[in-house]
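Visitor: I'd like a close look at one part of the surface, please. Start with the whole and bring me down to that spot.

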Amino acid sequence: MRNEPIILSDAFASFDALWSPRIVTRVNDYDVRLAKVEGEHLWHVHDDTDEFFLVLDGELHISLREAAGERTVRLPRGAVFTVPRGTEHKPYTPTRADLLLFEPTGTPTVGDRHDEIPDHVDATTGHALDL
């Protein structure tokens, strides 16, 4: 990891892939990931960790399957939301969005249990940021 400030606009300009997060830095045992997203991800669950989302640009929707039933949260630019561990969820966007995520290092983007992985979703634990 670099020990210099990272300009987020430069970081986002360094990659084009959708649903394929880049690790911008680490905080203790957590990755700080940047992702460009558009369209649908997939239903998945992180059994042992929460998942934190911050919408930097655009709008993100997250469908959740909870004990009380299914619901969708809408996150406009500047909104944060944490999906609790063990909650089945599916992020999607009506248009392109830029996200910042916090996840324990090594957490797979498709969770521990998931639907079939579509071609447009990168099943990864994050990629190094090339700046």
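Guide: Gladly! A contact here means heavy atoms within 4.5 Å. Of the contacts between residues at least 6 apart in sequence, 69% join residues at least 24 apart. This is a predicted model, where local features need pLDDT of at least 70 and side-chain atom pairs pLDDT 80 or more, while totals for chains, interfaces and linings use all residues. Residues are numbered from 1 along each chain as its sequence is written, and side-chain values use heavy atoms, without hydrogens and water.

The order from the N terminus is α-β-β-β-β-β-β-β-β-β-β. Its C-alpha trace spans about 45 × 30 × 30 Å along the principal axes. The radius of gyration, 14 Å, agrees with the value near 14 Å for a compact globule of 131 residues (taken over C-alpha atoms; the rule is 2.2 Å times the number of residues to the power 0.38).

Of the 131 residues, 44% are buried, meaning under 20% relative accessible area; exposed is over 50%, partly exposed in between (1.4 Å probe, protein chains only).

Now your spot: Val27, Tyr30 and Phe102 make a nonpolar surface patch of about 250 Å². Patch members have over 30% relative accessible area and no salt bridge; nonpolar side chains (Val, Leu, Ile, Met, Phe, Trp, Tyr) are joined within 5 Å, like charges within 9 Å. A salt bridge puts a Lys or Arg side-chain nitrogen within 4 Å of an Asp or Glu carboxyl oxygen. Phe102 lies in strand β8, residues 88-104, and is partly exposed at 31% relative accessible area.

Conventions: Accessible areas come from the Shrake-Rupley method with a 1.4 Å probe; for residues, only the protein chains shown count as cover. Helices (H or I, at least four residues) and strands (E, at least two) are DSSP runs, numbered from the N terminus.
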